[in-house]
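Good morning, and thank you for joining.

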Amino acid sequence: MDFHRYAIYVTPPEGEFAAFGAAWLGWDSAQGCAVAHPEVQGLPAPVAEITETPRKYGLHATIKPPFGLAEGQGEAGLIAAFERFCAGEAAVTLEGVQIAGLGRFLALVPVGDQSALNGLAARAVAAFEPWRAPLTEAQLARRRAGGLTPAQDALLLRWGYPYVMEEFRFHITLTGKRPKAELAPIKAALEARLGPLVPQPYVIDALSLMGEDEAGRFHLLHRQTLTA
């Protein structure tokens, strides 16, 4: 399969958390296929509607945002560089993650100290810059259309994405933007079904190299353990 963009994510290993997350979103990036949504009680809207926006990404947290390959770079070389990077990084243990609102969407966010995780993300962003194609003027315009602070705009120009380095916030997206009145019942429903499946503490001991297909869906290419 040909991919036109790549990304580095945190994705869960096989297990109940990963299985429910894939079904909740309707896309299993590890298997590269659509998944039937689960029956979840107490939701104010259908699961398919709630999860439409994040579906194509699968259950993930972004470390290195999606990027096109720079001229002269290829997938095989990227995979090799990814393996070398992961061999030099150690696992990160978070106290836990919890469901929280970020603006008008819900996500799993860290509990406790995040400095080691933030450091890992910053090093990944910098390490893979040689592989990233520069943004086009149209891509820059799309990013700026949502409104950026001067600091975020500077990060966009330097790293190709406004929410990295000091603006990075680890989160595992669970919904698209929803009316504010819907957030509390969706959160309650997810806490009942998803909450017991989420590992606590939350250990990040691997990173996932992802590829985006022509339809915009992300597929797991290679999951590599952090072995330093």
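In what sense do β1 and β4 pair, and over how many bridges? The two strands pair in the antiparallel sense, over four bridges. Two strands are said to pair if DSSP finds at least two bridges between them; helices (H or I, at least four residues) and strands (E, at least two) are DSSP runs, numbered from the N terminus.

A word on the source: this is a predicted model, in which local features need pLDDT of at least 70 and side-chain atom pairs count only at pLDDT 80 or more, while totals for chains, interfaces and linings use all residues. Residues are numbered from 1 along each chain as its sequence is written, and side-chain values use heavy atoms, with hydrogens and water left out.

Let us turn to the whole sheet. It is open and consists of four strands in the order β4-β1-β10-β11, with antiparallel pairing. β4 (61-67) and β11 are at the edges with a single partner strand each, so one side of each has no neighbour in the sheet. On average, neighbouring strands are turned by 20° against each other, direction ignored. Axes here are lines fitted to C-alpha atoms, for helices over the stretch in contact, and angles run from 0 to 180 degrees between N-to-C directions.

Within this sheet, Tyr 6 has Phe 67 of β4 as its bridge partner. Helix α3 (residues 75-87) packs on the sheet and touches β1, β4, β10 (206-212) and β11; contact means heavy atoms within 4.5 Å. The direction of α3 makes about 40° with that of β11. Helix α4 (residues 115-127) also packs there, touching β4 and β10, and its direction makes about 10° with that of β4.

Now to the rings. The structure holds seven aromatic pairs. Rings of Phe, Tyr and Trp (its six-membered ring) pair if their centres lie within 6.5 Å; planes under 30 degrees apart count as stacked, over 60 as edge-to-face and the rest as tilted. One of the pairs is Phe 3 with Tyr 6, edge-to-face at 6.3 Å centre to centre and 70° between the planes. Tyr 6 is buried at 4% relative accessibility, buried meaning under 20% relative accessible area, exposed over 50% and partly exposed in between (1.4 Å probe, protein chains only).

The ring centres of Tyr 9 and Phe 218 lie 5.6 Å apart with planes at 45°, so this pair is tilted. Tyr 9 belongs to β1 (residues 5-10) and Phe 218 to β11 (residues 218-225), 209 residues apart.
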